[in-house]
Amino acid sequence: MSFGSFFDYPDAEAGDTAEEIVLLPQWSDTEWSRLLPYTTTRRFRAGESVIRGGDVDRSLYFVMSGDVEVLLGAPRGRRTRRLAVVRAGSVIGEQAFVDGQPRSATVRSTTDSELLRLSQDAFETFAARDPALAMDLIFDLARILSLRLRTSQALMARSLG
Amino acid sequence: MQVRARVPAPVWHTLRVISVGTALGMCVILMLRPDLGLTLWWGLVVPSLPLLFFVAPGLWRNICPLAAMNQAPRLFGFTFANKLPSWLRQNAYLIGIGMFLLFVTARKWLFNTNGPASAGLILFALGSAFVGGVLFKGKSGWCSSICPLLPVQRIYGQTPFVRVRNSHCAPCVGCAKNCYDFNPAVAYLADLNDADRHYTGYRKFFVGIFPGLIVAFFQTPAPPAISIPQMYLRFAIAMLLSLGAFYVLEIFFKVTTHKITTIFAMAALNLFYWFAFPKMATALSSLVGITVPPAVIWALRGLLLVAAAAWLARTYLKEGLFLLQASGSSTVRAPALGALRQRQAAAGQTQPEMTIVPGDQRFVVEAGRTLLEVIEANNLPIEAGCRMGVCGADPVAVVAGMEHLGPIGDDERATLRRLNLAENTRMACCARVAGTCSVALKPERKRKGAARSVVPEYDHSIKRVVVIGTGIAGVTAADHVRRRHPTCEIHLVGRETHYLYNRMAISRLIYGRSAMQGLYLMPESWYDENQITCWLNTQATHIDRTAQTVALGTGETLSYDRLILAMGSSSMVPPIDGFGRPGTFVLREADDAMRIRAFAQDNRARQAVVAGGGLLGLEAAYALHKLGLHAVVLERSDRLLKRQLDARASQYLREYLENLGLEIIVNAETTEVRPEAGSTEERVREVVLKDGRCLPCDVFLVAAGITPNIALAQEAGLACKRGVLVDEAMRSSDPLIFAAGDLAEHAGQIYGLWPTAVEQAEVAATNAIGATGRYSGTVPVTILKVVGVDVTSVGQFEAAHPDDLVIALEDPAENRYRKVVIADGKIVGAILLGYPQDASPVTAAIKQGRDVRALLPELQGGNWAILAAPGQPVMSTHVS
């Protein structure tokens, strides 16, 4: 299990916790550059909301620059709790992208940031044009979600064990 | 996740100098006046530390003299900053625990009573911390690895009451696992939930023995009252009992380990001060002579118990959040994508920024994209129709950066004139982004007093104009009559129940959420403002040409000086047995689309069959697919869009649609639609093809072309063939009656296209009020409106003559295809599949009849941007 999100050390060579889940590690520039045209790019200023909790927006986001924070709770303007800080190079929104449920958390930009967005519509087009790559992507997201499920199960088992 | 800084670094540095000084001073006192030193040190200073760890561990970690020594080499830049060797990293915790046990037990027989030894211990610790700092990077040489006080800090400080940012580590070098300075609130939880069994084991072990250690420490007589081995035996027994209790609890209580460790930590803290408070009171009285009454000690014990209970509750709450985080939000990374983008940015591909106001949403746009493409790709609310600037569905206001948008073409200019909005209006589908701009999705209205775009010019004897048909031809005709003739009465009569809407977008009513909102092209008030009397849901039943009247189905009669017919067309339905049963549809009007959506929901439809592989059929099939149905397209001929595409392009399109999930069957003709065999239900469940094949079907939709609505004209005795025959003035065989749109047949042609209807209606209106306008035919331009595929077809797309030149370029890797047909040096037709940015220059070149002979090598080489008129910025080809 990795607690990288709690100890997001700025140094790349960070201790033992640096193991992280990488999306599509097998993809090279060739594959990524085929996906790029299906994304759109948005810029945010510090403090701007990227995703609002409760929204139905089936998109996958890639943080290209800057930091964003994931906030939990506060449906009616009550206090929010910061769940994680997500830095450049990360992927967010994979759960809603796959299951289409309303966004579980709010994501806010803490610095000026730039994010790529892959919408569900764009993904469908990508899938029709490049079925093999689209399958790679969706399969890898499934792998990651499954990995998380295992983590939760292990955590639960260990905690209760 | 790091704690924010509140106290400036120089303040901390000063405090550290004081703290190291104090520690050294302590040593001096211990050496010179052991009695005083020992009481001060072991009686007051050391017993205070656990309380500090408990309340504000970060404060201690900032001012701890050991940490100051450890960090000095980094501060002054003479550390070797080595990485901790892995054996040391793996065992650091054990070494820390070992030293802690050693020093605590040795107090009993050595340090508590021996000043110089205690001073030595302090100096040893200061020296070790310093050496660790010289050798190893960050705090990994002491504070965050082998410091014997760290295990205690981790236990007591896991949900600190006061969080103080670690001011030593700027920048953080990521030296330690689950760093306690970096994120004190979860470090202990992360330890306990670590995947490494040994690592979690050390934590459990330490917290398990801790209460036993404390009890033994305070309850065991100090040597020489008992022998040293006896003392160690007592310690061992107490710690073993404590550890045993811990594991018994862990085994039998069905709660998380963390809950048990927290209870143990709370017990340890309270036990410690239960014994320590009286001792501290004693030390205090011996030092300064103040006697602390027992009530105060009891009060302190009680206070600590309350604080610890609060801490326990906080710690438990924290665990839930931690588990949620740990299990749900481990960050997924895509470093390769970021690197790729950085290289692209470094390669100088600076891209313009587009801002949507209000709301200031900023998008980075690829140069050459239309505003519409950007807006749609970002799921912002906009309607679109023809996507070539003719229908007028997508006007936007360019608030800033108008000069950074591509130039306005002829079609767009005409539409802007028709819409008559503010100067900063552009049609989103036409405006290509070349630089930074700000756009509002709601266009602005023209300022009062702004010059009208058309100078009135009309026959004053005309008092009353009747237009039949409320579609685009009818409304455009009424609009142009009003522009040129400010005073005449205008009656607009239509069978439909809606004001003019964007008919090209009705397939979205099948799958979208917006219903009619957004489809209306003009607000209701527009009709009043232009003094146009609108008769919705009203049928014209008879035209009396001699009396110049139109009879309405409602009983009224309207007289006219000029009559414009714009009743459009209906869907053509080939003979199919059973057509008309529930579940069979055409798609011509907004109400058709809404009926289909309602029917599909009512009957939980799963299978849709669309008869017709033309533009409408494909758009409808796509809409049904988006609604969640399995959509099958039946095409009579051997390929899709046979009126717009050649075989190759058609093949590309078919592959794309099939990948999208549509099923395409060519050479297929429907003979019958029927209900389930043996069922009493009327609704369609099965489609029978001519070759005998049967397909399951819940929704059957015919999209087989149009039939002009000419019954009324025929009955009135106007010359008709397929449509109402008109001359180049759009005048019918009756000089007072004009026709435009889908029912008008000009030079043998019925186009059935929106842009044509607009052009014809303007000409009809102009001539109807006594001015002159000429219609000379339209080059048909069609665009397929299925998401993700850019298909444009213009004019004559197959060579019609042996001398015609065809340039067809394929890009199989990208599934793109484009083709132009050149006759007599001019482009007469084109097919563009996957080249949206070429659509407007190619179309313009065809409409303008430009001679392209000089450009042939460029065209053959694929540089079709060359067709952009001189002065027009050449848009970059988009990467795909």
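**Local and overall geometry of a predicted two-chain model**

In chain B, helix α24 is followed by B:Gly849, whose phi is positive, near 65°; helices and strands here are DSSP runs numbered from the N terminus (H or I with at least four residues for helices, E with at least two for strands). The model is predicted, so local features need pLDDT of at least 70 and side-chain atom pairs count only at pLDDT 80 or more, while totals for chains, interfaces and linings use all residues. Residues are numbered from 1 along each chain as its sequence is written, chains are lettered from A and ligands numbered from 1 in the order in which they are written, and side-chain values use heavy atoms, with hydrogens and water left out.

Helix α24 itself covers residues 836–848 of chain B, and its end C-alpha atoms are 19 Å apart, in agreement with the 18 Å that its 13 residues should span at 1.5 Å a residue; the expected span is 1.5 Å times one less than the number of residues. Its buried residues include B:Pro836, B:Asp838, B:Val842 and B:Ile846, where buried means under 20% relative accessible area, exposed over 50% and partly exposed in between (1.4 Å probe, protein chains only). The buried residues of this helix pack against α14 (371–377), β27, β28 (789–795), β30 (816–823) and β31 (826–833) of chain B, contact being defined as heavy atoms within 4.5 Å.

Two other helices of chain B make a handy pair to look at. At the start of α6(B), a side-chain oxygen of B:Asn114 comes within 3.1 Å of the backbone nitrogen of B:Ala117.

Turning to the chains as a whole, chain B holds 25 helices and 31 strands. Its radius of gyration is 43 Å, well over the 29 Å that the globule rule gives for 880 residues, so chain B is more spread out than a compact globule; the radius is taken over C-alpha atoms, and the rule is 2.2 Å times the number of residues to the power 0.38. Along the principal axes, the C-alpha atoms of chain B fill a box of roughly 135 × 70 × 55 Å. Buried residues make up 55% of the 880 residues in chain B, and 68% of its contacts between residues at least 6 apart in sequence join residues at least 24 apart.

Chain A has four helices and nine strands, which run β-α-β-β-β-β-β-β-α-β-β-α-α from the N terminus on. Of its 161 residues, 48% count as buried. Among contacts in chain A between residues at least 6 apart in sequence, 76% join residues at least 24 apart. The accessible surface of chain A comes to about 7300 Å², with 52% belonging to carbon and sulfur atoms; areas come from the Shrake-Rupley method with a 1.4 Å probe, and for residues only the protein chains shown count as cover.

B:Glu496, in the loop between β8 (489–493) and α17 (507–511), is buried at a relative accessible area of 8%. Its side chain makes a polar contact of 3.0 Å with that of B:Arg503; such a contact is a pair of N or O atoms within 3.5 Å, where within protein one must be able to donate a hydrogen and the other to accept it, and residues adjacent in sequence count only if both atoms are side-chain atoms. Not counting residues up to four places away in sequence, B:Glu496 also touches B:Thr470, B:Tyr501 and B:Glu589, among others.

The peptide bond from B:Pro223 to B:Pro224 is cis, with omega near 15°, and B:Pro224 lies between α9 (197–219) and α10 (228–252) of chain B. The bond from B:Val357 to B:Pro358 is also cis, with omega near -10°. B:Asn178 has a positive phi near 45° and is buried at 0% relative accessibility. B:Leu641 likewise has a positive phi near 45° and is buried, with a relative accessible area of 1%.
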